[in-house]
Amino acid sequence: MINMEEKYHWLSAKDEYVTLKHEGDKIVAFEKGGLLWIFNFHPNKSFEHYRIGTNYPYEHIIVLDTDEKRFAGKDRLRHGHENVFPIIKEPWSGRNNYIQVYIPSRVAMVLRPLFPEEKDQLLPKKSQ
């Protein structure tokens, strides 16, 4: 988290918006500091293709997740560190756009919008 603060300066950011609080699913999602934060507090329920509203009109990529091996996780979200989540430009949950993500139980993830000019520089090249 300290490295994330140094890179994104999210703690002092003034922009913040709670996108989703779902008591039954035990999901909380919010935007802060140019990042999209998603938490699944459910003890045993994971969600596929879960819609999360965002005002950032770009594809997203995971920059941190608590399921990474370095945190003794199962690394189920590795794909999202190297591949983008497409943006759907339709309103959802009070935001102008949404993405769909897999959210394992008891996992948090932080995503950031991937600006078009960054895409070729940050993503691994696909072999042809």
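Predicted model: local features only at pLDDT ≥ 70, side-chain atom pairs only at ≥ 80, totals over all residues.
Setting aside neighbours within four places in sequence, the contacts of Ile 38 are Val 28, Ala 29, Ile 52, Val 101, Ile 103, Val 107, Ala 108, Met 109 and Leu 111. Ile 38 is also among the residues with the most contacts inside the largest nonpolar core, along with Ile 52, Ile 99, Ile 103 and Leu 111. That core has 18 residues. Two or more of its residues come from each of strand 2, strand 3, strand 4 (47–54), strand 6 (97–103) and strand 7. Apart from this core lies another, of seven residues, including Met 4, Leu 35, Trp 37 and Leu 64. In soluble globular proteins, nonpolar side chains tend to be buried together.

Strand 5 pairs with strand 7 (residues 107–113) over five bridges, in the antiparallel sense, and Ile 62 stands opposite Leu 111 of strand 7.

Elsewhere in the sheet, strand 2 (residues 27–32) and strand 3 (residues 35–40) are joined by six bridges, again antiparallel. Here Phe 30 has Trp 37 in strand 3 as its bridge partner. The rings of Phe 30 and Trp 37 have centres 5.8 Å apart and planes at 5°, so the pair is stacked. Phe 30 is partly exposed, with a relative accessible area of 21%, whereas Trp 37 is buried, at 3%. Both residues belong to an aromatic cluster that also contains Phe 39 and Phe 41.

The structure holds six aromatic pairs. Another of them joins Phe 47 and Tyr 50: the ring centres are 5.1 Å apart and the planes are at 65°, so this pair is edge-to-face. Phe 47 counts as buried at 9% relative accessibility, and Tyr 50 does so at 11%.

Charged side chains also meet rings. Arg 51 lies over the face of Trp 92, 4.6 Å from the ring centre. Arg 95, in the loop between helix 2 (79–82) and strand 6, has its charged end over the ring of Tyr 17, 3.7 Å from the centre. With a relative accessible area of 12%, Arg 95 is buried. Beyond neighbours within four places in sequence, Arg 95 is in contact with Tyr 17, Thr 19, Glu 31, Gly 53, Thr 54, Asn 55 and Glu 90.

Technical notes. Residues numbered from 1 in each chain as written. Heavy atoms only, no water. Pairing = 2+ DSSP bridges. Helix = DSSP H or I, 4+ residues; strand = E, 2+ residues; numbered from the N terminus. Core = buried A, V, L, I, M, F, W, Y, C linked by side-chain atoms within 4.5 Å. Buried < 20%, exposed > 50% of the residue type's maximum accessible area, 1.4 Å probe, protein only. Contact = heavy atoms within 4.5 Å. Phe/Tyr/Trp six-rings, centres within 6.5 Å; stacked < 30°, edge-to-face > 60°. Lys NZ or Arg CZ within 6 Å of the ring centre and 35° of its normal.
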